Amino acid sequence: MRWRTENKSLRQKRQARQAAEKGLPPARRCFGYEQGGMVVNEAEAAVVRGAYARVLRGESLVSIVRAMHAAGLPTTRGYPWDRTTVRNLILNPRYIAVRYHRGEEVGPGTWPAIIPEDDWRKAVALLTDPARKSNHGGTARKWIGGSLFLCGRCGTDVRVGYRRNNVRIYVCRASDHLARVAQPVDELVAAVMEARLALPDVAALLDEGDEEMAALRADAAAISAKIARAVRDYDDELIDAQTLRTVKGRRTAELEAVQRRIAAAARTSTLSSLAASGDRVAAWRALDLSARRTVIDALMTVTLL
């Protein structure tokens, strides 16, 4: 009985692998596609495209969740969207018609893509950026300048505080030698940013880092291919489990290092969206707080004297 069970398990694994290599979609329905995975559900696909566009503009998951709720379409299981389900949606490679098996990229899928591959990879890099994970909560994400603006006396970043009359202030994080009322500072920074975005040379920033990004993606693809080859060698009994763990551990560490560099380069996507806009100032005003901080960090250093 044990022998039969083991053989059945091996057959099922082999069939799943063969289905993946043929580019067939997974059995479970994916939001944006009809049952079977070969036909696009246009109403859901529009919501998916909107979610990716918001990520690439630098918007937070919370703002994307609100937009998904406003669309009125629940998840495939009928539940409301939350940050976890939206994040999983963004990270799903089915939207670029790429087939994965056991967490490794196998090859192109046979179903229609909803999102351009370049946009998907940028969005994944942004969401998996370690800096994003370490910057949740606190006043740094609630106000524009917290942890972003610098103290003009010592160069340390500032934090947000309040005076007794509930007036918001920026205070040097290292010492009490600097405190500035925050609202006029924020208004000045916004005015300078809008003037900066109106200048024609902003568009030239789009071209920076394109060659670097292409090279980084090639490196990531090569490392992923090596991991996938090791998995196939293990499936074919060419290597043992210990060798697979060693190879995957080493290559995964290499891949994570490259992905961190990709994430750093992908942060310019918010600026790229602004530069491509017909009205950059209006586009800036439409950004959420997280995206505005990204643009400020890319274009200027704010020092409080």
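## Briefing on a predicted protein model

Ala-215 is partly exposed, with a relative accessible area of 41%. Here buried means under 20% relative accessible area, exposed means over 50%, and partly exposed lies in between (1.4 Å probe, protein chains only). This is a predicted model, in which local features need pLDDT of at least 70 and side-chain atom pairs count only at pLDDT 80 or more, while totals for chains, interfaces and linings use all residues. Residues are numbered from 1 along each chain as its sequence is written, and side-chain values use heavy atoms, with hydrogens and water left out.

**Overall picture**

- The protein chain has twelve helices and seven strands. Helices (H or I, at least four residues) and strands (E, at least two) are DSSP runs, numbered from the N terminus.
- The protein chain has 305 residues, and 38% of them are buried.
- Take the contacts between residues at least 6 apart in sequence: 60% of them join residues at least 24 apart. Contact means heavy atoms within 4.5 Å.

**Largest pocket**

- The largest pocket holds about 750 Å³ of space. On a 1 Å grid over the protein atoms alone, a pocket is an open set of points with protein on both sides within 12 Å along at least five of seven lines, and a cavity is a set of points where a 1.4 Å probe fits but cannot get out; lining residues have an atom within 4 Å of a point. Grid points are joined across faces, edges and corners, and a volume is the space filled by probe spheres set on the points.
- The lining of this pocket has 24 residues; Tyr-100, Val-124, Ser-224, Leu-255 and Gln-259 lie nearest its centre.
- Strand E2 (104-108) and helices H5 (117-127), H8 (210-235) and H9 (241-266) each give two or more residues to that lining.
- H9 gives the most, with eight residues.
- By class, the pocket lining has eleven nonpolar, five polar and eight charged residues. Ala, Val, Leu, Ile, Met, Phe, Trp, Tyr, Cys and Pro count as nonpolar, Asp, Glu, Lys and Arg as charged, and the others, Gly among them, as polar.
- Ala-215 lies in H8.

**Largest cavity**

- The whole structure has one cavity of 30 Å³ or more. The volume of the largest cavity is about 30 Å³.
- Its lining consists of Arg-17, His-101, Glu-104, Glu-105, Val-106, Ala-228 and Val-231.
- E2 and H8 each give two or more residues to this lining. E2 gives the most, with three.
- Three of the lining residues are nonpolar, one is polar and three are charged.

- Strand E1 (residues 98-101) pairs with E2 in the antiparallel sense over four bridges. Two strands pair if DSSP finds at least two bridges between them.
- His-101 has Glu-104 in E2 as its bridge partner.
- Two residues separate E1 and E2 in this hairpin, and Arg-102 in the turn has a positive phi of about 55°.
- Ile-96 sits in the loop between helix H4 (83-91) and E1. Ile-96 is buried, at 8% relative accessible area.
- Beyond its neighbours within four places in sequence, Ile-96 touches Ala-113, Ile-115, Pro-116, Glu-117 and Trp-120.

- All five residues of E5 are buried, so E5 is largely enclosed by the rest of the structure.
- In a regular strand the side chains alternate between the two faces of the sheet. In E5, Arg-168, Tyr-170 and Cys-172 are buried on one side, and Ile-169 and Val-171 on the other.
- E4 and E5 pair in the antiparallel sense over five bridges. Val-158 stands opposite Cys-172.
- The E4 to E5 hairpin has five residues between its strands, and Asn-166 in the turn has a positive phi of about 70°. Asn-166 is exposed, at 60% relative accessibility.
- E5 also pairs with strand E6 (residues 179-181), in the antiparallel sense over three bridges. Ile-169 has Val-181 in E6 as its bridge partner.
- E5 and E6 form a hairpin with six residues between them.
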